[in-house]
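Q: I have a model on screen. Can you take me through its features, one at a time?

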Amino acid sequence: PAVRRLLRELRNMKINPVAGVSAAPRDDDLFEWHCSLEAPATAAVGRDEADGRPRGVLHCVLHFDAAYPAMPPVISVLQNTHSLNLQF
């Protein structure tokens, strides 16, 4: 069921993209998705002093379990988030 659900969600993301969100599985692993979340244009963000990337972009990896959707994905953030105001 997890493979079918992930393929359906990928198809839905392509048909109905969400502004500021991009996500896709690795070519060789449907259970690992790389994701970028962009801050809204109204957010007061600048550029990271170390690498010049926009601070308003959060890069993460979603690790899905074979029991998905019964088990939620594990999210790994791929950058230092001390300057981001994350609210969950």
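Q: How many bridges join strand β1 to β2?
A: Start with the bridges and the direction of the strands. This is a predicted model. Here 6 bridges join β1 (residues 21-26) to β2, and the two strands run antiparallel.

Q: Which residue in β2 stands opposite A24?
A: Read across the pair. A24 has H34 of β2 opposite.

Q: How do side chains point along a regular strand?
A: In a regular strand they alternate between the two faces of the sheet.

Q: How many aromatic pairs does the structure hold?
A: Look at ring centres, then at the angle between planes. The structure holds 2 aromatic pairs. One is W33 with F64: 5.6 Å centre to centre, 65 degrees between the planes, edge-to-face. This pair links distant parts of the chain. W33 sits in strand β2 (residues 29-38), while F64 is in the loop between β3 (57-63) and β4 (74-77), 31 residues apart.

Q: Why is the pair of F64 and Y68 edge-to-face?
A: Check the angle against the cut-off, which is over 60 degrees for edge-to-face. The planes of F64 and Y68 stand at 75 degrees, so this pair is edge-to-face. Their ring centres are 4.8 Å apart.

Q: Which residues form one aromatic cluster?
A: Look for a ring that two pairs share. W33, F64 and Y68 form one cluster.

Q: Are W33, F64 and Y68 buried or exposed?
A: W33 has 3%, so W33 is buried. F64 is buried too, at 11%. Y68 counts as buried at 10%.

Q: Which residues form a nonpolar patch on the surface?
A: Now turn to the surface. V18, V21 and L37 form the patch, with about 220 Å² of accessible area together. V21 belongs to strand β1. V21 has 35% relative accessibility and therefore counts as partly exposed.

Q: Where in the chain is confidence lowest, and where highest?
A: Read the chain average, then go element by element. The chain averages a pLDDT of 83, and 72% of the residues score at least 70. Confidence is lowest in β3, at a mean of 90. Helix α1 (residues 2-15) has the highest, at 96.

Terms used
Residues numbered from 1 in each chain as written. Predicted model: local features only at pLDDT ≥ 70, side-chain atom pairs only at ≥ 80, totals over all residues. Heavy atoms only, no water. Phe/Tyr/Trp six-rings, centres within 6.5 Å; stacked < 30°, edge-to-face > 60°. Helix = DSSP H or I, 4+ residues; strand = E, 2+ residues; numbered from the N terminus. Buried < 20%, exposed > 50% of the residue type's maximum accessible area, 1.4 Å probe, protein only. Pairing = 2+ DSSP bridges. pLDDT = per-residue confidence, 0-100. Patch = residues over 30% accessible without salt bridge, like charges linked within 9 Å, V, L, I, M, F, W, Y side chains within 5 Å. Areas by Shrake-Rupley, 256 points an atom, 1.4 Å probe, with all protein chains shown as cover. Salt bridge = Lys/Arg side-chain N within 4 Å of Asp/Glu carboxyl O.
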